[in-house]
Amino acid sequence: MTRKANKNPPNMCQRGGIWHLRMRVPKRYAYIEEKKEVHRSLFTGDQNEAQARLPLVKKKILAELDARLVGRSPEKSSHYEAIAELSTSRSFSYRTADELVASGAETIMDRMISLISHNDTPTSEAATSLLGGVERQKLTITEVAASMETRFPEDVVNKAHRAKKSWCAQWTRPASKVVELLGHDPIFQEILRQDAVALRDALKDRVLEGDMKGRSAQKELRLLNTLWDRFHDSIGVDEREMPHSPFYNLGKGFAKLDDEDSRKLEVPTEIISQKMIAPDALHFMNDELRDITLVIVETGARQSEITDLPPHSIFLNASIPHIWIRKETGEWAREIKNKPSKRKIPLVGVALEAFLRHPEGFPRYRYKGTYSAAANKALHAHKILPDDITVVGLRHSFETRMINAGIPNDERAALMGHSIKKARGREEYGDKMPLEKKVLYHKKIMVKPPA
């Protein structure tokens, strides 16, 4: 007698006409799940529809198991986050028991129905999660800021070390100001509006006393508001239920406190011609420091765009020698400021000569962020630049040279890596400026050394 073949598809079975997922529990979850196999309803009697739902339901089960596994961690904060994540995997945002009571019976009933449909026991991790059995974690603002890298690894995975350090600092720096100005490290979710207002007023005093720029204070308050939003997002709080940020909209008006003449001064063309590109003018600099400076003179590029340029983005053998500013990944990972910054820059004059001496780029300064300080120190010490002008003024000089040459606003924006949409005040259409046209403009404004 032959055994009747099992007609059920793999990983599925029928109960009372409804299809269910059957999944063997992976060994790594044996510590927190005694069952060897779990079943989960697919809520349909249609086989094709059930098979379509299968991957999503399996993914949810694994997410629940992962959350429970992490939930066994002895660290209180890890346990809370695991419980909150478990709620999210069931399509609920986490709420404490008190918050659920305040929300009403209907909210609680929805969660009870979900527990019943998944055959969860009253003592299960799922019941603890959906019914608010764990108090919200109480992290200080310093702890929250320090945890952002682990909360959002996707934001730093392709960043170079210096860029990653800068990304982390955007959270830790304003958090440290809160601690310094309030005199204690407050529990982040317990910061009150009046605490944030006190911080704003303290920052305003610093601006008025000349200790910091209004724009800097405005940025710090904006980052604190973003930190509030992103932290709550990371623990699974529905944006519709997110507590109001105490830092919301506190930075308005700070920019007005800055001096109107605070724009960085440009390097006069006479200084560039007579004291920078003249033969042996920068003999006191090391060869990479000197040549980065000369490249900036004739490209108008941002400092990091030149110092962090990888070898494969330097094209000296092309019909028009050029460099390509773009986002890099892998070994040469680096970010660019924005989409308009992605561009090809032709090399002419002293910039081309500098790259011919350094066809692989500038490894001494690549990804280190030390060029600006080293260049300014040398240029000021040797009286090349006045004390109130810095090397970043070379980029401003580049645009002034374009203005004096009559180059249109749109095309100046393209050459500088600025948004043409902003420059025009309207949408951008048409093809990007070709390299053949760019090189004509660069040659037109090229600085010549003294005769």
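**Close-up views of a predicted model**

View 1. The buried residues of α17 are E411, R412, A413, A414, L415 and M416, where buried means under 20% relative accessible area, exposed means over 50% and partly exposed is in between, with a 1.4 Å probe and protein chains only. That makes six of the eight residues in this helix, which spans 409-416 and is mostly covered. Helices (H or I, at least four residues) and strands (E, at least two) are DSSP runs, numbered from the N terminus.

**A note on the model.** This is a predicted model, so local features need pLDDT of at least 70 and side-chain atom pairs count only at pLDDT 80 or more, while totals for chains, interfaces and linings use all residues. Residues are numbered from 1 along each chain as its sequence is written, and side-chain values use heavy atoms, with hydrogens and water left out.

**View 2. The whole chain, before zooming in again.** The protein chain has 19 helices and six strands. Of its 451 residues, 43% are buried. Take the contacts (heavy atoms within 4.5 Å) between residues at least 6 apart in sequence: 65% of them join residues at least 24 apart.

**View 3. Where α11 crosses α16.** Helix α11 (residues 269-276) packs against helix α16 (residues 393-404) at an angle of about 115°, and their axes are 10 Å apart. Axes here are lines fitted to C-alpha atoms, for helices over the stretch in contact, and angles run from 0 to 180 degrees between N-to-C directions. On the α11 side you'll find T269, I272 and M276, which meet L394, S397 and R401 of α16. By class, this contact has three nonpolar residues, two polar and one charged. For the classes, Ala, Val, Leu, Ile, Met, Phe, Trp, Tyr, Cys and Pro count as nonpolar, Asp, Glu, Lys and Arg as charged, and the others, Gly among them, as polar.

**View 4. The largest nonpolar core, with F355 in it.** A nonpolar core is a set of buried Ala, Val, Leu, Ile, Met, Phe, Trp, Tyr and Cys residues joined through side-chain atoms within 4.5 Å. The largest one here has 38 residues, and I323 and F355 have the most contacts inside it. Elements giving it two or more residues are α11, α12 (287-299), β5 (322-325), α14 (349-357) and α15 (371-381). Helix α12 provides the largest share, six residues. Setting aside neighbours within four places in sequence, F355 touches V295, L309, I314, L316, I323, L347 and F362. Apart from this core lies another, of 32 residues, M148, W171, A175 and V207 among them. In soluble globular proteins, nonpolar side chains tend to be buried together.

**View 5. Helix α15 under its cover.** Y371, A375, N376, A378, L379 and H380 are buried in α15. Their cover includes α11, α12 and α13. Just after the helix, K383 takes a positive phi of about 60°.

**View 6. The largest pocket.** On a 1 Å grid over the protein atoms alone, a pocket is an open set of points where a 1.4 Å probe fits, with protein on both sides within 12 Å along at least five of seven lines; lining residues have an atom within 4 Å of a point. The volume of the largest pocket is about 1,800 Å³, taken as the space filled by probe spheres set on the points, which are joined across faces, edges and corners. Its lining has 42 residues, with S166, K219, R302, S304 and K337 nearest the centre. By class, that lining splits into 13 nonpolar, ten polar and 19 charged residues. Helices α8 (161-182), α10 (214-234), α13 (303-307) and α16 each supply at least two of the lining residues, and α8 gives the largest share, seven.

**View 7. K177, a lysine in α8.** K177 sits in helix α8 and counts as buried because its relative accessibility is 17%. Beyond neighbours within four places in sequence, K177 is in contact with L199, L203, M212 and E220. The C-alpha atoms of K177 and A202 are 9.9 Å apart, though 25 residues separate the two along the chain.

View 8. P363, in the loop between α14 and α15, counts as partly exposed because its relative accessibility is 46%. F43 belongs to the loop between β3 (37-41) and α1 (47-71), and its phi is positive, near 55°. D280, in the loop between α11 and α12, also has a positive phi, near 60°.
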